[in-house]
Amino acid sequence: MKTTQDFQKERLSAGQKVGVVNLGCARNLVDAQMMLGRLKKNGHRIVQATDAQTVIVNTCSFIEEARKESIDTILDLVELKKSGQIKKVIVAGCLAQRYGKDLAKEFPEVDAFVGTPTLNRDNLPQQLQLTPSHFAYVKICESCFNACSFCAIPKIKGKFISRTIESIVREVKELDAKGVKEVNIIGQDITAYGMDLYREKSLARLLKELIKVVKNIEWIRLLYAFPSHVTEELIEVIAQSPRICKYIDMPLQHISDHILLEQNRNITTQQTIELIQKLRRAMPQVFVRTTFITGLPGETPKDFEQMRAFVRDFRFERVGVFVYSKEEGTKAVEMKNHVPEKTKKARLDTLMQDQQVISAEIQQSFVGRTLKVLIEEKEKNSPENYIGRSEYDAPDVDGVVYVRSKKPLKAGDFVQVMITDAYEYDLAGVVE
């Protein structure tokens with residue numbers, strides 16, 4: 001099996017067209033941008049995957065569903081290679097990092113398995129931006145500081161590492177100078193940022209430095225916060241800065257003390273409740289996006305009903321639910337009393353049905369209000385219709401705002417929109 005180093009040394013023929021198929025989350029997208037940035041620097045032509053001679057698939061292996069999508073994509077690309085439509089297939093990302101040797105035996109047609117790129121602590125990553133020009137992702141750390149019993153990320157990504165404040169500030173200043181309007185701060189656990197490098201939780205300190213230097217960036221969004229690492233200083237910084245979206249992506253995973261202990265989340269039921277209350281006292285308008293897991297080994301009907309009650313009582317603005325997935329090498333695999341697959345899925349469906357009612361009511365509450373909206377694109381064949389997002393909508397994972405405007409708009413424009421209609425996940429309105 002070829003390693004990342006082998007691939008970097010290998011010279012593709014001059015001017016070869018290279019494309020990427022990116023799977024998984026925004027963190028993977030940043031990895032893909034780094035890979036393509038290096039390839040472009042080395043003289044390769046970066047094109048859409050459909051036009052490429054060499055295709056890199058950047059895989060995800062977070063849960064079983066993601067692994068299946070990655071394998072299916074590899075199979076599709078191998079068939080394209082066999083038919084002569086592409087010349088080379090490179091498999092990168094988490095799946096290759098974890099199972100590269102096994103995959104090499106399974107897919108001899110693949111030219112290289114290269115794992116994940118290394119996050120450089122001090123230097124700016126060379127990237128080819130794959131997002132639209134008006135928003136970007138900035139990865140500030142890699143891996144996770146915690147060791148949840150159900151999660152394989154630390155085994156895949158290795159030791160937690162933070163970039164220096166100076167390197168992040170330089171990257172954000174460059175994006176600001178290019179006219180980027182929104183920066184999404186990402187990492188497996190951004191709230192642990194600095195614990196390795198500065199020996200303390202330093203996200204609040206970083207945000208203060210970023211706020212000082214930005215001029216064009218109007219939205220700084222925080223994605224992937226770990227509940228037990230959220231500090232009062234961080235809450236205060238988010239609340240007081242108009243440039244930081246009143247939106248926090250914070251996976252809670254459960255609320256039962258019993259399950260939280262089994263998950264090794266390092267937080268209790270009461271501490272979780274107090275954290276949500278602190279956030280909402282400091283920012284009554286805050287949107288909390290969270291996720292829950294159904295069916296961890298040992299989850300009882302009582303545990304599940306406690307989670308249902310918690311979701312109903314606290315009325316989270318955005319909720320995702322996953323069934324527990326067995327991850328090789330994690331502590332949860334060795335636990336007793338595994339929950340049947342049918343029960344896990346039934347619990348997921350029940351929780352999502354509860355949330356749908358809450359979401360519909362929250363969406364409806366926006367009708368008649370005015371929201372600041374970032375325009376993403378113009379609807380095809382419709383001169384007055386556009387698609388945008390509010391500060392409560394993260395790219396690709398949340399809903400959108402459908403905007404009607406007699407005045408021509410372009411991607412990256414901010415407009416004030418009076419909301420006239422609400423749907424299950426999306427809103428619609430007119431420019432004031």
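The side chains of Asp 398 and Arg 289 meet in a salt bridge, with 2.6 Å from N to O. Asp 398 sits in the loop between β15 and β16 (401-404) while Arg 289 belongs to strand β12, so this pair ties together parts that are 109 residues apart in sequence. Keep in mind that this is a predicted model. Here's a quick tour of the sheets, the salt bridges and the cysteines.

**Around Asp 398 and Arg 289**

- Asp 398 counts as buried, at 14% relative accessibility.
- Arg 289 is buried too, with a relative accessible area of 13%.
- Arg 289 also has a place in a strand pairing: it stands opposite Arg 318 in β13.

**The open sheet**

- 6 strands make up an open sheet, running in the order β6-β9-β10-β11-β12-β13, with parallel pairing.
- β6 (135-139) and β13 (318-323) are the edge strands, each pairing on one side only.
- On average, neighbouring strands here are turned by 15° against each other, ignoring direction.
- Strand β12 (residues 287-294) runs parallel to β13, and 6 bridges join the two.
- Helix α7 (residues 203-213) packs on this sheet and touches β9 (182-186), β10 (219-222) and β11 (244-249); its direction makes about 165° with that of β10.
- Helix α8 (residues 232-240) packs on the sheet as well, touching β10 and β11, and its direction makes about 135° with that of β11.
- Thr 291 has Gly 320 in β13 as its bridge partner.
- Together, β12, helix α11 (residues 301-314) and β13 form a right-handed β-α-β unit.

**The barrel**

- 5 strands close into a barrel in the order β14-β15-β16-β18-β17, and the pairing is mixed.
- Neighbouring strands in this sheet are turned by 50° against each other on average, again ignoring direction.
- Strand β14 (residues 370-378) pairs with strand β15 (residues 385-390) in the antiparallel sense, over 5 bridges.
- Within that pairing, Ile 375 stands opposite Gly 388 in β15.

**Other salt bridges**

- A search of the whole structure turns up 32 salt bridges.
- Lys 82 and Glu 109 meet through their side chains in one of these, at 3.7 Å from N to O.
- Lys 82 lies in helix α3 (residues 64-82) and Glu 109 in the loop between α4 (94-106) and β5 (112-115), so the pair ties together parts 27 residues apart in sequence.
- Lys 82 is exposed, with a relative accessible area of 55%, whereas Glu 109 is partly exposed at 26%.
- Arg 98 and Glu 327 form another salt bridge between their side chains, at 3.9 Å from N to O.
- That pair spans 229 residues in sequence, because Arg 98 lies in helix α4 and Glu 327 in the loop between β13 and α12 (341-364).
- Glu 327 is buried, with a relative accessible area of 1%.
- Asp 31, Lys 139, Glu 142 and Lys 157 are linked in a network of salt bridges.

**Cysteines**

- The disulfide count comes to 0.
- Cys 94 is in no disulfide, and the nearest cysteine sulfur, that of Cys 60, is 5.8 Å away.
- Cys 94 is buried, with a relative accessible area of 10%.
- Cys 151 is buried, with a relative accessible area of 17%.

Terms used
Residues numbered from 1 in each chain as written. Predicted model: local features only at pLDDT ≥ 70, side-chain atom pairs only at ≥ 80, totals over all residues. Heavy atoms only, no water. Pairing = 2+ DSSP bridges. Helix = DSSP H or I, 4+ residues; strand = E, 2+ residues; numbered from the N terminus. Axes fitted to C-alpha atoms, helices over the stretch in contact; angles between N-to-C directions. Contact = heavy atoms within 4.5 Å. Disulfide = S-S within 2.5 Å. Buried < 20%, exposed > 50% of the residue type's maximum accessible area, 1.4 Å probe, protein only. Right-handed = clockwise from strand over helix to strand, strands pointing away. Salt bridge = Lys/Arg side-chain N within 4 Å of Asp/Glu carboxyl O.
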